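Dear colleague,

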Amino acid sequence: MKLRTMTIACAFALAAPLAAIAGDDEPVDIRNLFTGDDRVQQSDLANMSRDEIRLAGMRMFTNPFRVADGFGDGDDANPTGIQTERGSLQNNTTFQRIGGLDGQTCLECHSIISRRTVPMTFGIGGVGGVNNTVLGAGGNTFVDLTTPNKKENIDGRVINPPFIFGAGGIEHLANEMTEELQQQLHAAQAAGDGTYPLSAKGVDFGSLTIAGGVIDASGVEGIANVTPGDEDFLVVQPFGRKGNEKSTRTFDVGALSFHFGMAVDHGNDHDGDGVVNEVFDGELSALSVFVGTAQTPFQTKVKGKAKRGERLLNSMGCTECHIPKMDTDSKLLGFRFPEIGNEPFANVHTTVDLTEAPMSFEENDNGGVTIELFADLKRHYMGESLEEFNGDGMFTTMRLWGVADTAPYLHDGRALTIRDAIVMHGGVPNARTNATAITDDGSEAFGAVSNFLAAGEADQKAVLAFLDTLRSPDGTFDALLELASKVSDDDDDDDDE
Ligand code: HEC
Ligand code: HEC
């Protein structure tokens, strides 16, 4: 049995935090969750089963970090630029709220599985409510409430937490798309001067021009990095509302640093708080495997009105961006370290089969998987109304899988219902969406949303009925919790012997 292969140190590490979740009466001593021998090094991964790695990742996701672990920043400006010295409220030295230091665990912002139930359903890895909305990422000097209803009244971003479900399939799809674009780049370079179309999995990413041997990327569309020569040039980056993070790992590095001041510092005290090795590479690997092996959203039976809604979604033009499904060529997702942006299959440390539970993606005829994401992994301009403080209105197409459960909607959670979300990303600035017409504010979705509004109430309801079939998974990580309780039982047995 898999569990017997665990080292004692590892068994202890996992027993303490998870016993409580598994319903054990023993109170958990949070001081022991993230200390000493229990911590995971990159070299430990080779001796751990996939589920042991996932459990270690779940501990990272649910562990409340403390100051002794490296929570928070020190007094010195950070030399690496990962996170500079931040203030705190009332000089409490731990929480700031605007500009990060805004949580103690990943779980507290990623915890709502469904808003559709009463009361709402909680679980590991879900979305955050309005209360979890992050303020001031990218700027942190002021919030000016005396000039209301202006996007400039906060010097920073306002972002609502999405769920982590299906992340492994998305990472894998993005890796294959990146590979395709990199091949097109190399072919273009080999062919010399000219203009070359770019596309991946049938999604159009504009074109590349080479003149006098020099790459001109001004025709590239929908990709965050358009700087030739950069490692992330022409890399599909599906994560983050702005589509600017290539993998769950790169995302997690930023999340740990921004929310908690926990840095992967390789023995250097990057944030000057007197704690070194706040996060090990191995812990980050485990965390990315945990996030990348979360459950997959699913769809309930599409019938009647919803069936008509499905056709309307297509005829209105919604599916030009919200592409219902895409296929991968392989079903094996490789988690990488170190990651090389333009080599998406290099340095794999852990491989998972995406058709296995709990991801359970459907295998396709190519031997890959079908990902029913309702998105194109491409960035679009969403109009002046949705622009952020700095005038940036580019957002990655939000995946609509799970959408029935994940209110509030849009990047900052401004839309409290799905209908509001649809109308507001076509060209109205705020929640007054009873309006039957929108203004063209440059949003690429203006045409489709105009079609939606022009269609009338019955057709709109049919579209909403279809979107209501797109559900979040239950998100309880049952198998992991069961494993954790077994680890905990084994651990007790060891003690008794
Ligand atoms: C204070 C709230 C908060 C905390 C704490 C938090 N997150 Fe998030 N998370 C967010 C927000 C907001 C976003 C959207 C960020 C963006 O668009 O750039 C997000 C996005 C993500 C995404 C990308 C999802 C996607 O599909 O684009 C991942 C993965 C993620 N978080 C993992 C984590 C992990 C791991 C931790 C703990 C280390 C964590 N988060 C802690 C608020 C939070
Ligand atoms: C040009 C591309 C494009 C078109 C066309 C488009 N959308 Fe979107 N959609 C987006 C983007 C980008 C977002 C994310 C906006 C944000 O983060 O603020 C989004 C977000 C959404 C959301 C909110 C999801 C969430 O979880 O926050 C819904 C619902 C939605 N779209 C439905 C539709 C429907 C229905 C149509 C057709 C009437 C449509 N979209 C047409 C690009 C598009």
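Threonine 195 has threonine 209, a residue of strand E6, as its bridge partner, and in the same way proline 197 is partnered in E6 by serine 207. This is a predicted model, in which local features need pLDDT of at least 70 and side-chain atom pairs count only at pLDDT 80 or more, while totals for chains, interfaces and linings use all residues. Residues are numbered from 1 along each chain as its sequence is written, and chains are lettered from A and ligands numbered from 1 in the order in which they are written.

Strands E5 (residues 194–200) and E6 (residues 203–211) run antiparallel and are joined by 6 bridges; strands here are DSSP runs of type E with at least two residues, helices are runs of H or I with at least four, and both are numbered from the N terminus. Two strands count as paired if DSSP finds at least two bridges between them. The hairpin of E5 and E6 has 2 residues between the strands, and lysine 201 takes a positive phi near 50° there. E6 is also joined to strand E7 (residues 214–216), by 3 bridges and again antiparallel, with isoleucine 210 standing opposite isoleucine 215 of E7. In the hairpin of E6 and E7, glycine 212 takes a positive phi near 60°.

Together these strands form an open sheet of 3 strands in the order E5-E6-E7, with antiparallel pairing. E5 and E7 are the edge strands, since each pairs on one side only. Helix H3 (residues 167–191) packs on the sheet and touches E5 and E6, and its direction makes about 165° with that of E5; contact requires C-beta atoms, placed from the backbone, within 7 Å, and the angle, on a scale from 0 to 180 degrees, is taken between N-to-C directions of lines fitted to C-alpha atoms, for helices over the stretch in contact.

In helix H9 (residues 457–467), which residues are buried? They are Ala462, Val463, Phe466 and Leu467, where buried means 20 or more other C-beta atoms within 10 Å of the residue's own, exposed means 12 or fewer, and partly exposed lies in between, with C-beta atoms placed from the backbone. These residues cover an arc of only 140° around the axis, which puts them on the same side of H9; the arc is that of the directions from the helix axis to the C-beta atoms. The face of H9 turned away from this buried side carries the exposed residues Glu457 and Ala458.

Conventions: Contact = placed C-beta atoms within 7 Å.
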